[in-house]
Amino acid sequence: MLEISYMSGFGNEFSSEDPRCPGSLPEGQNNPQVCPYGLYAEQLSGSAFTCPRPANKRSWLYRIIPSVKHKPFTPEPCGNLTENWNEVEPDPNQLRWLPFTIPKSTEKKVDFVAGLHTICGAGDAKSRNGIGIHIYTCNTSMVDRCFNNSDGDFLIVHSGSIRPIFHTEHPIFYFTITEIVLLFFFQQGMRFSVDVFGETRGYILEVYGAHFELPDLGPIGANGLANPRDFLCPVAWYEDRQVATGYTVINKYQGKLFACQQDFSPFNVVAWHGNYTPYKYNLKTFMVINCVAFDHADPSIFTVLTAKSTRPGVAIADFVIFPPRWGVADHTFRPPYYHRNCMSEFMGLIKGHYEAKEEGFQPGGASLHSMMTPHGPDADCFEKNSSAELKPERVAEGTMAFMFESSYSMAVTKWGLETCQKLDKSYYQCWEPLRSHFNPNWKPSKK
């Protein structure tokens with residue numbers, strides 16, 4: 001297996017050149033009349049040229065053939081990938097899905113793009129304002145095919161023991177032996193291909209019109225949550241490969257898929273520099289902040305990445321995790337409280353058992369609690385934790401749940417409500433056993 005090194009740091013200014021071509025980065029300028037090694041200079045811009053410097057994102061790529069060389073794009077079947085938020089009537093109920101089915105490779109070969117399914121979303125890619133939440137289920141690698149999202153950023157949460165390899169222009173992401181729970185982050189316009197070695201699935205949060213960034217820490221201070229140095233970007237490594245049978249570039253554009261053909265691999269970047277890059281992040285490195293006295297801190301303390309809206313303090317979308325941690329709060333109902341929220345909460349479970357619902361919410365499944373829809377611990381969780389001895393305990397050991405939280409009121413697709421046939425219509429029953437504990441004669445205990 002090819003040994004790939006990584007550079008660390010979220011939003012850093014990186015520079016890298018393939019060691020097979022020393023000196024391939026131009027010295028002192030971006031676009032010389034003739035690039036070293038006869039390469040082409042190509043800029044990939046992730047922001048307007050005139051954005052303030054802290055928000056300005058671009059990378060210069062020095063490649064064997066520029067990406068402009070391709071045949072015309074033609075429409076490609078979209079399958080269950082959609083941006084049509086009016087397929088079915090709105091549903092304000094609490095929704096939960098059983099683990100999404102991964103097609104058997106013996107029955108049908110399905111790669112990453114063919115395995116994309118949209119569950120819910122809101123907004124519009126044309127106006128660059130909104131989000132989409134997708135599931136991918138696949139069983140075969142993308143052979144001489146790559147994917148490019150012109151609509152927005154893809155934040156990919158891998159689920160399962162089958163570890164994919166992501167090929168990019170920057171260039172390759174591998175899992176290491178110790179990386180079990182990984183986040184992959186491909187910003188708008190970045191091309192990538194996915195190799196899998198068995199049946200696999202994961203979750204995708206797509207954001208139009210904004211890029212993900214690390215959340216502000218406020219009174220937490222300079223350190224904590226997701227540390228910038230734990231985000232990794234691979235060093236340059238090029239593939240100079242002609243493809244006589246044709247290489248397919250699939251482009252997601254205005255919510256639809258289009259495909260074009262070219263006769264070379266797009267992963268032909270020999271050197272690059274800039275701050276507009278893909279990343280991988282090991283969720284195990286998240287530094288957890290938690291309450292050490294009483295009550296709950298808000299779940300925003302578990303935010304890994306945020307895509308900000310134009311309203312201060314309000315996110316288009318947050319990526320939040322609930323990792324293993326210590327629970328030590330006194331005089332407190334420690335599981336999540338009952339809640340009605342002005343935000344939409346989509347949750348997934350990568351592994352283990354979620355603390356507020358140990359039954360029913362399974363790895364590879366999901367739930368959606370829409371704007372102002374009541375949610376909270378099931379009846380068993382409430383009864384158990386209302387009388388539990390409050391001693392220090394490990395919470396969520398062996399578990400990793402996450403949440404895509406959004407200020408948008410999200411619509412569920414027809415695939416999500418009907419076609420996938422994974423909607424758990426008995427979900428509401430987990431709260432049915434809740435009973436009244438009200439005692440009008442209650443008096444405070446004398447302690």
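Please keep in mind throughout that the model is predicted.

**The second largest pocket**

Begin by selecting S300, T303, G313, D318 and E405, which of the 29 residues lining the second largest pocket are those that lie nearest its centre. The space in this pocket comes to about 670 Å³. If you then colour strand 21 (303–308), strand 22 (315–322) and strand 27 (400–406), you will have marked three strands that each supply at least two residues of the lining. Sorted by class, the lining of this pocket consists of 14 nonpolar, eight polar and seven charged residues.

**Aromatic rings**

Next, turn to the aromatic side chains, among which a search of the whole structure finds 32 pairs. Select Y203 and F402, whose rings form an edge-to-face pair, with 4.8 Å from centre to centre and 70° between the planes. This pair links distant parts of the chain, since Y203 belongs to strand 15 (residues 200–208) and F402 to strand 27, and the two are 199 residues apart. Are these two residues buried or exposed? Y203 has a relative accessibility of 1%, and because buried means under 20%, Y203 counts as buried; F402, at 0%, counts as buried by the same cut-off.

A further edge-to-face pair to select is that of Y354 and F361, where the centres are 5.9 Å apart and the planes stand at 80° to each other. Both Y354 and F361 are buried.

Now widen the selection to W97, F100, Y203, F319, F346, F402, F404 and W415, which ring pairs link into a cluster. Then select R20 together with Y238, where the charged end of R20 sits over the ring of Y238, 4.0 Å from the centre of that ring.

**Two residues with positive phi**

Select Y37, which is not a glycine and yet has a positive phi of about 65°. Y37 is found in the loop between strand 2 (14–17) and strand 3 (40–45), and with a relative accessible area of 49% it is partly exposed. D144 is another residue other than glycine with a positive phi, in this case near 50°, and you will find D144 in the loop between strand 8 (129–138) and strand 9 (145–149).

**Two distances to draw**

For the last stop, draw lines between C-alpha atoms. Start at Y40, which lies in strand 3 and counts as partly exposed at 43% relative accessibility. A line from the C-alpha atom of Y40 to that of R311 spans 41 Å, and these residues are 271 residues apart along the chain.

Then move to V243 in strand 17 (residues 242–253), which is buried, with a relative accessible area of 5%. How far from V243 is Q262, taking their C-alpha atoms? The two atoms are separated by 7.9 Å, while the residues are 19 apart along the chain.

Terms used: Residues numbered from 1 in each chain as written. Heavy atoms only, no water. 1 Å grid on protein atoms, 1.4 Å probe; cavity = no way out; pocket = protein on both sides within 12 Å on 5 of 7 lines; lining within 4 Å. Points joined across faces, edges and corners; volume = space filled by probe spheres on them. Helix = DSSP H or I, 4+ residues; strand = E, 2+ residues; numbered from the N terminus. Nonpolar A, V, L, I, M, F, W, Y, C, P; charged D, E, K, R; others polar. Phe/Tyr/Trp six-rings, centres within 6.5 Å; stacked < 30°, edge-to-face > 60°. Buried < 20%, exposed > 50% of the residue type's maximum accessible area, 1.4 Å probe, protein only. Lys NZ or Arg CZ within 6 Å of the ring centre and 35° of its normal.
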